[in-house]
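Subject: A structure for you to look through

Hi there,

Here is the structure I promised to pass on. Please open it alongside this email and follow along.

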Amino acid sequence: VEGLNTVIRIRSEHLSNAESYQYLAYAYENLFEIYRKQGDLDQADDYLQKAIDVLMISANYDPDGLPVIDRSVAIDDLDLVRMLSLKAQLYNQHFASDRDELLLVRSISLHAKIDTLLSRQLRSLQFQGSQLNLLDLIQEYYGRAIRDALQLHRYSGNREYLQLAYFFSS
C-alpha cells in the first residue's frame, strides 16, 4: 500500500496530459482492489471514487457522487465503464453484509449509466471488428446488470426489477 501511495504522490505531481491522469486513476484503482480484498469496503470505496473523479474531464455529479453521463466527459469512456462496474460490485458486496435494498438500487442505477456509455461507444465505432470486441464487453456488463435486477426482484418482490432485467437482456 505504501508503494502505491508513493506512486500516487509522484503521479499527482506530474499531471501533464490525459495519459498521466489515466495512470493516476489506475493507481487509485489498485488501492481500491487492495482494500476491497482486505474487506475494508469503505476505504476501498474512497479510492474508487478518487479514480472516477480523476478520469473525469468535466463532470456533473448525482446525489450519490457519481457522474451524470449526459452532462459529463471522461478521459476514456471504457475506463469509466470499468470503474462504474467496480462500484456496482462494491454495492453488491455491501448488500451481502448489510441487506440494504438501496445498495442494489444504486447498483442498478450504475448499470443504467454503463448502458448509456456502452451505447455511445457502440455508435462511435466505425469498424465491424471493433464493434464485435465491444459487444463481447457489453455481454459481461449486461450479465451483471441482469443478475443485480433479478436479485433485487427476489429481495423486494417488486416486478419493476423484472422489467429492468428484461431491458438489460434485450
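Below are some notes on its ring pairs, its salt bridges and one backbone angle.

Before you start, please keep in mind that this is a predicted model, where local features need pLDDT of at least 70 and side-chain atom pairs count only at pLDDT 80 or more, while totals for chains, interfaces and linings use all residues. Residues are numbered from 1 along each chain as its sequence is written, and side-chain values use heavy atoms, with hydrogens and water left out.

**Aromatic pairs**

The structure holds six aromatic pairs. Rings of Phe, Tyr and Trp (its six-membered ring) pair if their centres lie within 6.5 Å; planes under 30 degrees apart count as stacked, over 60 as edge-to-face and the rest as tilted. The rings of Y35 and Y47 are stacked, because their centres are 5.6 Å apart and their planes are at 5 degrees. This pair links distant parts of the chain, with Y35 in helix α2 (residues 18-38) and Y47 in helix α3 (residues 41-55), 12 residues apart. Helices here are DSSP runs (H or I, at least four residues), numbered from the N terminus.

Y35 counts as buried at 15% relative accessibility, and Y47 is buried too, at 10%. Buried means under 20% relative accessible area, exposed over 50%, and partly exposed in between (1.4 Å probe, protein chains only). Ring pairs also link Y28, Y35 and Y47 into a cluster.

**Salt bridges**

There are nine salt bridges in the structure, each a side-chain nitrogen of Lys or Arg within 4 Å of a carboxyl oxygen of Asp or Glu. One of them joins K87 and D45, at 2.4 Å from N to O. K87 lies in helix α4 and D45 in helix α3, so the pair ties together parts that are 42 residues apart in sequence. Is K87 buried or exposed? At 3% relative accessibility, K87 counts as buried, whereas D45 is partly exposed at 22%.

Another salt bridge pairs D79 with R82, their closest N and O atoms being 2.9 Å apart. Both residues lie in helix α4, three residues apart, which is about one turn of the helix. Salt bridges that share partners join E29, D79 and R82 into one network.

**One backbone angle**

Most residues other than glycine have a negative phi. R99, though, has a positive phi, near 55 degrees. You will find R99 in the loop between α4 and α5 (101-124), partly exposed at 45% relative accessibility.

Enjoy exploring!

Technical notes: Helix = DSSP H or I, 4+ residues; strand = E, 2+ residues; numbered from the N terminus.
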